[in-house]
Amino acid sequence: MATNRPAKVYTEKDADLGVLKGKTLAVIGFGSQGHAHALTLKDSGCKVIVGLYRGSKSVETAKQYGFEVYETAEAVKKADVIMIAAPDMKQAGIYEKDIAPNLSKGKTLLFTHGLAIHFQLIKAPKDVNVIMVAPKGPGHEVRREFKLGKGVPCLIAVYQGGAAAKKIALAWAKGIGGARAGVIETSFKEETETDLFGEQAVLCGGVSALIMSGFETLVEAGYKPEMAYFECCHELKLIVDLIVESGISGMRFSISETAKYGDITRGPRVVTKDTKKAMKQILKEIQSGKFTKEWVKEYKAGLPKYKKLLSDGEKHLIEKTGSRLRGLMPWVQKKNIHGAQAAYELASASKAKKPAKKAAAKKA
Ligand SMILES: NC(=O)c1ccc[n+]([C@@H]2O[C@H](COP(=O)([O-])OP(=O)(O)OC[C@H]3O[C@@H](n4cnc5c(N)ncnc54)[C@H](OP(=O)(O)O)[C@@H]3O)[C@@H](O)[C@H]2O)c1
Ligand SMILES: [Mg+2]
């Protein structure tokens, strides 16, 4: 096990954007992470092209932002650094078909999550750099923070390529605003295992289950769904903002004595020793590769369980209630959750720059 020594944190002065000068950066996929990296790197003065498959819902969106859009294979041919921003389960297929045949010595493959490399779904040739720049936040947040002059902290890792590859990773992290907040070096293994654990046990899985259970408890006891929504969902952000700003003790500083007493005596009755046991089991399944094996199998079977559980989630009363209440708050940004992930900025600034007419030699 690694020691708990404090990690070295890189900031803007440690990274040189000049490393990317004269290089063509291809972002393959224009979803949550892809659009955020492509747009912020472009704003940082880099030459960025976008690679997509024919028929992708994001081709038009990327063009509207002024990018040259190519089919993936073509984009890889043109690029020095290739970011694979397609979904994890699609990466191996895209790699075999469109990327591997067009790689050459000295090119760099860049990931924002280590799963495909760490679990060897992709095996890159030894003369190609393999690096990671993983912002610790959703793509939309990466873009939003960057535009505010801030940044989302990033992890970087070098799987292959040594010091030169690390410079590229640091420069990329700087280009997307990550070095404003801090960049920590890790390994593909550590990032993959901790990222999967965080999203399963705490951030996405844990929080969603906690919110829904709290909501259901109040509604089943006869309270109005709107009350339950405000108590168990809406206010969560305000509490989390306080925690992010000043830690759990800082959050407790701002709440009432009664809330504090309830927090410290009741919290551990909800998240119990058994919960922690379940967390440890979840971590084991990640480390052993059991989770990834299960996910690959589910993906190959056409996602039956995934689709059913997501659809059940969308039908939950909390979604209907929340949608109505959020509708009363015009400042809460509305998203078309079935549209292109990158389209939201264009919707709010429909006057965004017209697409460059010259774009794309071979259009996707
Ligand atoms: N979501 C996050 O904030 C987040 C955070 C950290 C790390 N990551 C990592 O970032 C990577 C991308 O995830 P994401 O959530 O950003 O994905 P996403 O939002 O689902 O977007 C995926 C993009 O890839 C495109 N795509 C699908 N098949 C393709 C193909 N055959 N060729 C080229 N492009 C293809 C999609 O096209 P369409 O637009 O047509 O669907 C879409 O634009 C993953 O490794 C993930 O683990 C994501
Ligand atoms: Mg993740």
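How many residues of β7 are buried? In β7, 7 of the 7 residues are buried, so the strand is largely enclosed by the rest of the structure. Here, buried means that 20 or more other C-beta atoms, placed from the backbone, lie within 10 Å of a residue's own.

A word on the model: it is predicted, with local features needing pLDDT of at least 70 and side-chain atom pairs counting only at pLDDT 80 or more, while totals for chains, interfaces and linings use all residues. Residues are numbered from 1 along each chain as its sequence is written, and chains are lettered from A and ligands numbered from 1 in the order in which they are written.

Let's look around β7. Strands (DSSP runs of E, at least two residues, numbered from the N terminus) pair if DSSP finds at least two bridges between them. The open sheet holds 9 strands with mixed pairing, ordered β1-β9-β8-β7-β6-β5-β2-β3-β4. Its edge strands, β1 (9-10) and β4 (69-71), each pair on one side only.

| Pair | Sense | Bridges |
|---|---|---|
| β7 (residues 129-135) and β8 (residues 154-160) | antiparallel | 6 bridges |
| β6 (residues 108-111) and β7 | parallel | 4 bridges |

Methionine 132 sits opposite alanine 157 of β8, and threonine 108 faces asparagine 129 of β7. From β7, Asn129, Ile131, Val133 and Pro135 point one way, while Val130, Met132 and Ala134 point the other way.

Technical notes
A residue is buried if 20 or more other C-beta atoms lie within 10 Å of its own, exposed if 12 or fewer, and partly exposed in between; C-beta atoms are placed from the backbone.
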